[in-house]
Amino acid sequence: MNRNGKELVVKNIEKMFLENEAVFIIDSSKMKSVASQGLRKKLKEYGSEIKVVKNTLLRRIASKNENVKQLENFFETQISLVFVKDNFQKVALVIKNSGYE
């Protein structure tokens, strides 16, 4: 991905942090693609979206946003961000029942 592409991803993720009620971080380092697709489909039913974002790009966002900076300790392994517009309790249950933490 070139520099312009990375800047676009950063802006999009920053916007998503601001527009959503909640954000869950899940460890996706051992997530198989079939399980990932199933989780993505279930989350979509609740109006939620899952994004895999490089930790370096998340650190770039954290350097400009104090709320995201508080999450920096989680940027160690490959993670996915689950953006939740509403019903965060139900989305948390979907994630838990999917076996991801």
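The buried residues of helix H3 (residues 55-62) are Asn 55, Leu 57, Leu 58, Ile 61 and Ala 62, where buried means under 20% relative accessible area, exposed over 50% and partly exposed in between (1.4 Å probe, protein chains only). These residues lie on the same side of H3 because they cover an arc of only 160 degrees around the axis, the arc being that of the directions from the helix axis to the C-beta atoms. The model is predicted: local features need pLDDT of at least 70 and side-chain atom pairs count only at pLDDT 80 or more, whereas totals for chains, interfaces and linings use all residues. Residues are numbered from 1 along each chain as its sequence is written, and side-chain values use heavy atoms, with hydrogens and water left out.

**Helix packing**

- Helices (H or I, at least four residues) and strands (E, at least two) are DSSP runs, numbered from the N terminus.
- The cover over the buried residues of H3 includes H1, H4 and strand S3 (79-84), contact meaning heavy atoms within 4.5 Å.
- In helix H5 (residues 88-97), the buried residues are Val 91, Val 94 and Ile 95. Seen down the axis of H5, they fall within an arc of 95 degrees and so line one face of the helix.
- These buried residues of H5 pack against S1, helix H2 (33-45) and S3.
- Gln 89, Lys 96 and Asn 97 are exposed on the other side of H5.

**Salt bridges**

- The count of salt bridges comes to six, a salt bridge being a side-chain nitrogen of Lys or Arg within 4 Å of a carboxyl oxygen of Asp or Glu.
- One of them joins Lys 64 to Glu 14, with the closest N and O atoms 3.1 Å apart. Lys 64 lies in the loop between H3 and H4 and Glu 14 in helix H1, so this pair ties together parts that are 50 residues apart in sequence.
- Lys 64 is exposed at 56% relative accessibility, whereas Glu 14 is partly exposed at 21%.
- Glu 76 and Arg 59 also meet through their side chains in a salt bridge (3.9 Å, N to O). Because Glu 76 lies in the loop between H4 and S3 and Arg 59 in helix H3, the pair ties together parts that are 17 residues apart in sequence.
- Glu 76 is exposed, with 60% relative accessibility, and Arg 59 is partly exposed, with 32%.
- A further salt bridge links the side chains of Glu 72 and Lys 69 (3.5 Å, N to O). Glu 72 is partly exposed at 23%, and Lys 69 is partly exposed at 38%.

**Largest pocket**

- The largest pocket has a volume of about 170 Å³. On a 1 Å grid over the protein atoms alone, a pocket is an open set of points where a 1.4 Å probe fits, with protein on both sides within 12 Å along at least five of seven lines; lining residues have an atom within 4 Å of a point.
- The volume is the space filled by probe spheres set on the points, which are joined across faces, edges and corners.
- Its lining consists of Phe 17, Leu 18, Asn 20, Glu 21, Ala 22, Val 23, Asn 65, Asn 67, Val 68 and Leu 71.
- Helix H1 (3-19), strand S1 (22-27) and helix H4 (66-69) each supply at least two residues of this lining.
- The lining residues divide into six nonpolar, three polar and one charged. In this division Ala, Val, Leu, Ile, Met, Phe, Trp, Tyr, Cys and Pro count as nonpolar, Asp, Glu, Lys and Arg as charged, and the others, Gly among them, as polar.
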